[in-house]
Amino acid sequence: MKNVLCLVALSALANCASAGTGYYLVSTYPNEGERTVDFKYWNAKPSGRPPRSSPELGLGYNVNGRWFTEVSASWFQLSPGSNKLSALEWQNDFMLTQGQYPIDVALHSTIERDQDTHGLGLEIGPVFQTEIGRTQLNLNLFFERDYRVEEVTEVDFKYQWQVRQHWMRKLDVGLQGFGELGKWNDWLPRAQQSHRAGPALFGSWDTGAHEQLKYEAAYLIGKNSGHTAKSVTLRLQYAF
């Protein structure tokens, strides 16, 4: 849902929208009362096209053991050029199960206001997570729709997956994958779909009483709208 600006200015990368959940896995296990400062950054280099990047800053709050909410702002840069505020977002994640079944399920939603068109976008869908020994498995299925000033777009379908091997608290290793398939009930031809995946690193440090710094980084290789692209993502989260 993020960066509708990408759709307008970079039509060759039609699936550049939803950059937030197109590059960062949603995983929700709220710690009641915990607050977060969340910094995200991705940089993509499509073959034969200028690099583009997007930093994002968010403030989150775990309202209780089931509900996490966050407001954030994102910027977009097409190199060479300066960063431009592209979107404001309000994310809400709700845990539906909490350990009573083999797979935990949550409901993710994000409302976005695009700063270029002043239209709204909605993203919603289930979040799944389970553990097999020391291996964590995630699968998320999201549906999104843009409500713009002049038009209402179709409902699109996207996915996320992750395999994370718990090794040391400061360093876990794994794989992440993301993709956009087009209209939810009429997928794009394979050559026009977006699929990217690659290795990822995770970890956390205690920085004080009830304070923690978490990180996540990944290198993704794949396609956006049929164009080969390589991406680097970084997420830093300070929880207190």
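A residue counts as partly exposed when its relative accessible area falls between the buried class, under 20%, and the exposed class, over 50%. Glu-154 has a relative accessible area of 45%, so it is partly exposed. The model described here is predicted. A search of the whole structure finds one cavity of 30 Å³ or more and ten salt bridges.

**Cavity**

- The largest cavity holds about 40 Å³ of space.
- Two elements each give two or more residues to the lining of this cavity: strand S5 (104-114) and strand S6 (120-132).
- The lining includes Asp-104, Val-105 and Ala-106, as well as Val-127, Phe-128 and Gln-129.
- Ser-27, Thr-28, Tyr-29 and Met-95 also line the largest cavity.
- By residue class, the lining has six nonpolar residues, three polar residues and one charged residue.

**Salt bridge between Lys-40 and Glu-56**

- Lys-40 and Glu-56 form a salt bridge in which the closest N and O atoms are 3.7 Å apart.
- This pair links distant parts of the chain, with Lys-40 in strand S1 (residues 35-46) and Glu-56 in strand S2 (residues 52-62).
- The two residues are 16 residues apart.
- Lys-40 and Glu-56 are both buried.
- Lys-40 and Glu-56 also belong to a network of salt bridges that links them with Asp-38 and Arg-235.

**Salt bridge between Glu-154 and Lys-183**

- In the salt bridge between Glu-154 and Lys-183, the closest N and O atoms lie 3.8 Å apart.
- Glu-154 sits in the loop between strand S7 (135-147) and strand S8 (156-168), while Lys-183 is in strand S9 (residues 171-183).
- The pair links distant parts of the chain, the two residues being 29 residues apart.

**Salt bridge between Asp-172 and Arg-164**

- The side chains of Asp-172 and Arg-164 meet in a salt bridge, with an N to O distance of 3.1 Å.
- Asp-172 counts as buried because its relative accessibility is 4%, and the buried class covers values under 20%.

Key:
Residues numbered from 1 in each chain as written. Predicted model: local features only at pLDDT ≥ 70, side-chain atom pairs only at ≥ 80, totals over all residues. Heavy atoms only, no water. 1 Å grid on protein atoms, 1.4 Å probe; cavity = no way out; pocket = protein on both sides within 12 Å on 5 of 7 lines; lining within 4 Å. Points joined across faces, edges and corners; volume = space filled by probe spheres on them. Helix = DSSP H or I, 4+ residues; strand = E, 2+ residues; numbered from the N terminus. Nonpolar A, V, L, I, M, F, W, Y, C, P; charged D, E, K, R; others polar. Salt bridge = Lys/Arg side-chain N within 4 Å of Asp/Glu carboxyl O. Buried < 20%, exposed > 50% of the residue type's maximum accessible area, 1.4 Å probe, protein only.
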